[in-house]
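Please walk me through this structure.

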Amino acid sequence: MIEAGMIAKNIAPNVHREDFAFKHWKNYEKKTHDKAWLVCRGNERKYEGTLFGSDIHRGSIQLTRDHVTNAKIDDLVRLKCISFEDRTIPDGNGVIITNPPYGERLRERDTHELYQRIGNKLKFDCSGYDGNSTLSDFPLLVRMDGTVQNFSLKKNLTANIVLHVIQELMHYL
C-alpha cells in the first residue's frame, strides 16, 4: 500500500526522513544534499486515483494508517477494517492486490475455504480489474477457481509462493 502510493505520486524513498548517518560524516556537504533533496521533491506529482486497503485486524489498519500518514499519501489512501470478501469494489477498473494468510498462519481447511471465497469475490465482483495475489502453494490456485490467468513461482524465506500477475501496477501510472 505504502510503496504503491509513493510510486503513484513519484515520491522518492525516505524523502521525508530528517536524519541520515551520512549527514554526520566529516566530508558531508549540506549544499549537495539540499540540491539532491530539491530534485527529489520537485519530481513528485499529483495522482488522481484512490488506493483502497482493508484487513480484518484493527491493529493492522492502524499501523498502515500511521505509515500512510508518515509517507504523506493520506490524500489517496482509504483504509477500512473489513474482510476482502465483504468489501464493496468500486465500479470501473483497476488493480486488486491481495496478500491473504498462508502457510502456518491458517489451518489447511480454513485456507482452502478462504481462497475459495477470495476466488468467488474476484470472479463475481471484480470484472474489469486486474490482479495480483500471493499464494503458498499451487493447489490454492485451484481454490481460486481459475480467476487469475498468469502466474509464476516465486520463493520467499519460508514458503514457495505462487505469485499471480495479470498486469503490473506500473501499467496504470
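Is Tyr28 buried, partly exposed or exposed? Tyr28 is partly exposed, at 24% relative accessibility. Here buried means under 20% relative accessible area, exposed over 50%, and partly exposed in between (1.4 Å probe, protein chains only).

This is a predicted model, in which local features need pLDDT of at least 70, side-chain atom pairs count only at pLDDT 80 or more, and totals for chains, interfaces and linings use all residues. Residues are numbered from 1 along each chain as its sequence is written, and side-chain values use heavy atoms, with hydrogens and water left out.

Now the confidence. The chain has a mean pLDDT (the predictor's confidence in each residue, from 0 to 100) of 76. Of its residues, 72% reach 70 or more. Helices (H or I, at least four residues) and strands (E, at least two) are DSSP runs, numbered from the N terminus. Helix H3, residues 58-70, has the highest mean pLDDT among the elements, 94. Strand E6, residues 160-165, has the lowest, 36. Over residues 147-173, pLDDT stays under 50. The model still has 64 contacts (heavy atoms within 4.5 Å) beyond four places in sequence for that stretch.

Back to the rings. A search of the whole structure finds three aromatic pairs. Phe22 and Trp25 pair edge-to-face, 6.3 Å centre to centre, with 65 degrees between the planes. Phe22 and Tyr28 form a tilted pair, at 6.0 Å and 45 degrees. Rings of Phe, Tyr and Trp (its six-membered ring) pair if their centres lie within 6.5 Å; planes under 30 degrees apart count as stacked, over 60 as edge-to-face and the rest as tilted. Phe22 is partly exposed, at 28% relative accessible area. Trp25 counts as exposed because its relative accessibility is 56%. Phe20, Phe22, Trp25 and Tyr28 form one aromatic cluster.
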